[in-house]
Amino acid sequence: MLTASTSLTAQDYIDLETTYGANNYHPLDVVITKGQGVWVWDTEGKKYLDCLSAYSALNQGHCHPKILQAMTEQASIVTLTSRAFRNNQLGSFYEKLCQISGLSKVLPMNSGAEAVETAIKAIRKWAYTVKGVPANQAEIIVCSNNFSGRTISLISFSTEAQYQDGFYPLTPGFQVISFGDASALEAAITPNTAAFLVEPIQGEGGIIIPPDGFLKQAETICRQNNVLLVLDEIQTGLGRTGKMFAFEHEGVRPDGITIGKALSGGFYPISAFLSTEEVMGVFHPGDHGSTFGGNPLAAAIANAAIDVIMEERLPERAAEMGAYFITKLQSMKSPHIQEVRGKGLLIGVELKPEAGGARSFCKDLAQKGLLAKETRENTIRFAPPLVITQEEINWALEQIERVLT
Ligand SMILES: *Cc1c(COP(=O)(O)O)cnc(C)c1O
């Protein structure tokens, strides 16, 4: 049997995955066997700079020793209690999240998609029990080009045809406006509007940054109309954009946020919905739950993951290193680059349509030892772990220059 062999080649691993796995991803054929900080290694021992960070789940870098220690310690004490009982890890984790976000209540889940599902349930129940929207009429406004995850309800408000095709019937109750358009938001609000659910920067959508002041305007419009402002910070949160949360750039105070990805420290899935007391107050015992949500292992890991972000001043590092990286990319003389945009270390390099798609450039970058992934057709995302140094960015820039010029 192939699996019994002790020395599989990269191609063997690829064949095994392809033979037995669902074909729902189109990975670059780099078989990673080890990771440390910003670097990963493949089966041949070749080293790569990770400029994707597992879609920003690795803000702290691969295998961060402090998070690893928290994980292994907690793993040998108690890992899972279920929420049928209490555990000694959860409370301090909640407290930490409230302190860094300015929100007052936490509901822990596992994946990002589950956190957004939780937000939607909270929003709807708030609409009926607090705002007084007639039964079953609550509407949520979202933006075109959004990404919130892959469950049926979340793809129901996607504007990507492929995310929906073949998966009908969809969940009703969502209105789509164009991203960054405050007057469209105002016009879309009805007496039944419960919330505006939006990413501060669209990550999967191609690193799309809304016009300055959009979030602040959205906040004002929401307040005036008794509509909740709920931000999906799963990709932008926890330091990525140069602040702990992207809403801080405009001094916005959301009614709720979803977080995930880097909350894991890259080790173990954990997500959360955070909100005001008023919004979270709609949940009563039995309304919502998750077998693994809030387990002590996840809480201990997330606690350490947040500590690392604060102790190593990762938001400040992202701001500083990101500004440097973006400036250098913008001054690169490439016939293929249409636009470079980004905030902190969430950076998109959009290629000209005639460049032939971002994927082939990502393959070339991998050849040169830099891992990046296309997002949408023509944009390469550069989102390295926030622990990256200026020297490492310089090395990345050399490889990018070799491939793009
Ligand atoms: C990744 C992502 C999600 C979904 O998270 P999963 O853990 O993959 O379910 C939701 N929203 C945003 C903005 C994301 O980037």
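The largest nonpolar core of this predicted model comprises 90 residues, of which L97, F196, L263, F325, L329 and F382 touch the most other members. A nonpolar core is here a set of buried Ala, Val, Leu, Ile, Met, Phe, Trp, Tyr and Cys residues joined through side-chain atoms within 4.5 Å, where buried denotes under 20% relative accessible area (1.4 Å probe, protein chains only). Helix α11 (residues 296-311) gives the most to this core, with 10 residues; helices are DSSP runs (H or I, at least four residues) and strands likewise (E, at least two), numbered from the N terminus. Because domain 1 (10-60 + 313-404) and domain 2 (65-311) both give residues to the core, it lies between them; the domain bounds come from an automatic or database assignment. Residues up to four places away in sequence aside, L329 touches I337, V340, I347, V349, F382, L397 and I400 (heavy atoms within 4.5 Å). A second, separate core of 28 residues includes V116, I120, L197 and V279.

In the ligand site, residues with a heavy atom within 4 Å of the ligand are S111, G112, A113, F147, S148, G149, E199, D232, I234, Q235 and K261. A polar backbone atom of A113 lies 2.8 Å from a ligand oxygen atom, and a polar side-chain atom of Q235 is 2.8 Å from an oxygen atom of the ligand. A ligand nitrogen atom is 2.7 Å from an N or O atom in the D232 side chain.

Residues are numbered from 1 along each chain as its sequence is written. Local features require pLDDT of at least 70 and side-chain atom pairs pLDDT 80 or more, whereas totals for chains, interfaces and linings use all residues; side-chain values use heavy atoms, with hydrogens and water left out.

Technical notes:
Buried < 20%, exposed > 50% of the residue type's maximum accessible area, 1.4 Å probe, protein only. Polar contact = N/O pair within 3.5 Å; in protein donor to acceptor, adjacent residues only side chain to side chain.
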